[in-house]
Amino acid sequence: MIFQALCNCMDFTSWLLLTLATLLVTDVVRNWRPHSFPPGLWALPFLGNIFTEVDFKAIEKLADIYGNVFSVRLGRNKTVFVSGYKMVKEAIVTQADNFVDRPDNAMADRVYSGDSGGLFMSNGETWKRQRRFALSTLRSFGLGKSTMEQSICEEIRHLQEEIEKEKGEPFNPASLFNNAVSNIICQLVMGRRFDYCDHNFQSMLTYLCEILRLQGSVWGLLYDSFPRVMKHLPGSHNKIFSHYDSLLDFMNKEVESHKKDLDHSDPGDYIDAFIIEMEKHNESDLGFTEANLALCSLDLFLAGSETTSTTLLWALVYLMKYPDIQDKVQVEIDGVIGRSRQPSMADRPNLPYTEAVLHEIQRMGNIVPLNGARMATKHTTLGGYLIPKGTTVMPSLTSVLFDKTEWETPHTFNPGHFLGAEGKFVRREAFLPFSAGKRVCPGEGLAKMELFLFLVGLLQKFSFSVPDGVELSTEGITGVTRVPHPFKVYAKAR
Ligand code: HEM
């Protein structure tokens, strides 16, 4: 009996050792760095560089050590980071087709699936078709047109009224800005806006912000690295999925009510147009399905809300930190538009200083510090290194916006970066907060319109300052996006 048990025990031990050895060999083979592969940190088997902090600042330090193309093993797989304006441009513009796809990741696999890759995670023909459909549909509902300016200006009036209700007392502007900006994309996608006191909508906005924070946190990294284990463990990563479920539920209800009220001869928004397109496609492989409709709408809502409202929060941070710059912008606006006429996009060329300040806010705000992850679609050479097909590639937008070979004073808030002789506005090649190439942010035009009109509309009516003794931080909290630490402002009516 004892012998038998010992044998069994021995068998189990041998089996365990053999399994571990197999896993180890598989792991080593899978992550073997060939000679021509970009250099990088030495990584532990199974765990990779999980114990090394690899936020956007650490990435910059690693680039100083290893050069503009280097690798880090985040969990199971190696990621190649690309740094500096010239190399990022080489990857995403010059070699656009080689790095156009998004890689698989465990978190996205749980939310998106198969033909339902939404706009952000889909690849190939489905991505091309969906991206084209989204852009042309949003354009037909006003994107980039003067009707859009009107609805933004109307939203600005709502926002101004809400700020007036604070009666000069200090308040945190984050949720007001988020609601106001989200209403613009909601009008295009769902054909309606939400009141600032709509509690359900406020919860959706909170979920959305938390998803972006957690996805870019250590919880997101742990889940992506060890999904099978993390799935069963408690932790903040679970919130990502429960929040996604709530947001999808919210979007599915919108789709249901659109289906009920749809007038085929007069579609009113993106959801209506998608439903009509879906009827033409049946079981199409181009993503025109109801499941994908909810995901595409959610992607537009996610990508089009927090990004722009966070940029407006950074605008307040920098304008309050540099009150003389705030004064100068207001003097320019007073001279060109005055304090009562609504701003319009036609005013933009006449406000070069305001335009320069807004660009510098976007540069220093650096709200998407990395980029959307990309994947090599075939064996590709970049910076003299071989990037095998299927490798995840992450171009660092921080390294572009702060590239010391491109910017005169990269780490100082300096609107002069965008001003030429006689105070004229000048474009800069290395200004890439929206990324570049085939996957460049499709909301760039809308975001620029929103940022300009919202900022001018706010500064026409209010001067912003922080309560005495408060030191504003420009450090920010980094997830997928970089958000200022919560702060309160005084909005003094002008
Ligand atoms: C200040 C505001 C914004 C910034 C800084 C920003 C930045 C970005 C960046 C860096 C990407 C990744 C691109 C890449 O992988 O190369 C992206 C993708 C995307 N953005 Fe924006 N964005 C902003 C506003 C918007 C708005 C208003 C919309 C809504 C229309 C939007 C919709 C999207 C979508 C759908 C994608 C995915 C595109 C694709 O994968 O083809 N964004 N954005």
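## Report on a predicted model

Ala294 sits in helix H13. The model described here is predicted. With 23 C-beta neighbours inside 10 Å, Ala294 counts as buried, because the cut-off for burial is 20 or more. Setting aside neighbours within four places in sequence, Ala294 is in contact with Leu248, Met251, Asn252 and Val255. Ala421 is 127 residues from Ala294 in sequence, and the two are 49 Å apart in space, C-alpha to C-alpha.

### Overall form

The protein has 17 helices and 10 strands. Its radius of gyration is 25 Å, close to the 23 Å that the globule rule gives for 494 residues, so the protein is as compact as a globular protein of that length. The C-alpha trace spans about 90 × 55 × 45 Å along the principal axes. Of the 494 residues, 40% count as buried. Among contacts between residues at least 6 apart in sequence, 73% join residues at least 24 apart.

### The nonpolar core

The largest nonpolar core has 111 residues, of which Val82, Val189, Leu208, Leu312 and Leu455 touch the most other members. Helix H13, residues 290–321, gives the largest share of this core, 17 residues. For Leu312, the contacts beyond four places in sequence are Phe177, Val181, Leu451, Phe454 and Leu455.

### The ligand shell and Cys441

There are 25 residues around the ligand, and Gly304, Gly372, Ser435, Cys441 and Gly443 come nearest. By class, this shell has 14 nonpolar, eight polar and three charged residues. Helix H13 provides the largest share of the shell, seven residues. H13 and helix H17 (444–461) each supply at least two shell residues.

Cys441 is listed by UniProt, in an unreviewed entry, under "binding site". In the model, Cys441 lies in the loop between helix H16 (397–401) and H17. This residue has 19 C-beta neighbours inside 10 Å; burial needs 20 or more, so Cys441 counts as partly exposed. Apart from neighbours within four places in sequence, Cys441 is in contact with Phe434 and Ser435. Ser435 is also one of the residues that come nearest to the ligand.

### Gln160 and helix H6

Gln160 is found in helix H6, residues 146–164. Gln160 counts as partly exposed, with 17 C-beta neighbours inside 10 Å. Beyond four places in sequence, Gln160 is in contact with Gly457 and Lys461. The C-alpha atoms of Gln160 and Cys197 are separated by 15 Å, and the two residues are 37 apart along the chain.

### Loop residues

Asn105 has its place in the loop between helix H3 (85–94) and helix H4 (106–111). Asn105 is buried, with 20 other C-beta atoms within 10 Å. Ala491 is 386 residues from Asn105 along the chain, and their C-alpha atoms are separated by 43 Å.

Two other loop positions have a positive phi in a residue other than glycine. For Lys167, phi is near 50 degrees; for Asn366, phi is near 45 degrees. Lys167 lies in the loop between H6 and helix H7 (174–190), and Asn366 in the loop between helix H15 (352–365) and strand S3 (374–375). Is each of these residues buried or exposed? Lys167 is exposed, with 9 other C-beta atoms within 10 Å. Asn366 is buried, with 20 other C-beta atoms within 10 Å.

| Residue | C-beta atoms within 10 Å | State |
|---|---|---|
| Ala294 | 23 within 10 Å | buried |
| Asn105 | 20 within 10 Å | buried |
| Asn366 | 20 within 10 Å | buried |
| Cys441 | 19 within 10 Å | partly exposed |
| Gln160 | 17 within 10 Å | partly exposed |
| Lys167 | 9 within 10 Å | exposed |

Notes:
Residues numbered from 1 in each chain as written. Predicted model: local features only at pLDDT ≥ 70, side-chain atom pairs only at ≥ 80, totals over all residues. Core = buried A, V, L, I, M, F, W, Y, C linked by C-beta atoms within 7 Å. Buried ≥ 20, exposed ≤ 12 C-beta atoms within 10 Å, placed from the backbone. Helix = DSSP H or I, 4+ residues; strand = E, 2+ residues; numbered from the N terminus. Contact = placed C-beta atoms within 7 Å. Near = placed C-beta within 6 Å. Nonpolar A, V, L, I, M, F, W, Y, C, P; charged D, E, K, R; others polar. Rg over C-alpha atoms; globule rule 2.2 N^0.38 Å. UniProt positions renumbered as here; feature names shortened; annotations may be inferred.
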